[in-house]
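Dear colleague,

Please find below the structure I am handing over to you. My notes on its aromatic residues and nonpolar core follow.

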Amino acid sequence: MSRTPQEVFADHSNRLGTGDLELISQNYTEDAVFLTPEGTLRGREGARRGFSALLADLPDADWQLIPQFAGDVLFLQWSATTDTHEVTDGVDTFVFRDGLISAQTVHYTLTPRTTRTA
């Protein structure tokens, strides 16, 4: 039985937390499309490359996710904070097919984190 988009996304979120690119990429179809402002990545290898860049930008991040599902589509607003950087405007779109992610768009602005002094 195929997983629902909500089940796939919950699993995807757990896998993202491991940082294991191979494990993360297994939630994508063989012909997945991963669209970023820098270009289009394809297949599971494209997902691995895309997440390699994201995790390099945001190592050990504290993630805040706001998902909105509509059938087989997910609109995700997110933010993330590390010791040195933050993202406050993360937006992704996911399309699900046969219990996997078949397409994803990714956009975020990485900014240095400002440290507040008392």
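Which residues do ring pairs link into a cluster? In this predicted model, the cluster consists of Phe9, Phe69, Phe94 and Phe96.

The structure contains nine aromatic pairs. In one of them, the rings of Trp78 and Tyr108 have centres 5.4 Å apart and planes at 55°; this angle lies between the 30 and 60 degree limits, so the pair is classed as tilted. Distant parts of the chain are linked by this pair, since Trp78 belongs to strand β4 while Tyr108 lies in the loop between β6 and β7 (111-112), 30 residues apart. A further pair, formed by Phe94 and Phe96, is stacked, with 6.1 Å from centre to centre and 10° between the planes.

As to burial, the cut-off is a relative accessible area under 20%. Trp78 is therefore buried at 5%, Phe94 is buried at 1%, and Phe96 counts as buried at 6%.

The largest nonpolar core has 23 residues, of which Tyr28, Phe51, Leu58, Trp78, Phe94 and Phe96 touch the most other members. At least two residues of this core come from each of α1 (5-18), β1 (28-36), α3 (43-57), β4 (73-81), β5 (85-97) and β6 (100-107). In soluble globular proteins, nonpolar side chains tend to be buried together.

Finally, Phe51 is in contact with His12, Leu16, Leu21, Ile24, Tyr28, Phe34 and Gln104, leaving aside its neighbours within four places in sequence.

With kind regards

Notes:
Residues are numbered from 1 along each chain as its sequence is written. This is a predicted model: local features need pLDDT of at least 70, side-chain atom pairs count only at pLDDT 80 or more; totals for chains, interfaces and linings use all residues. Side-chain values use heavy atoms; hydrogens and water are left out. A nonpolar core is a set of buried Ala, Val, Leu, Ile, Met, Phe, Trp, Tyr and Cys residues joined through side-chain atoms within 4.5 Å. Buried means under 20% relative accessible area, exposed over 50%, partly exposed in between (1.4 Å probe, protein chains only). Helices (H or I, at least four residues) and strands (E, at least two) are DSSP runs, numbered from the N terminus. Contact means heavy atoms within 4.5 Å. Rings of Phe, Tyr and Trp (its six-membered ring) pair if their centres lie within 6.5 Å; planes under 30 degrees apart count as stacked, over 60 as edge-to-face and the rest as tilted.
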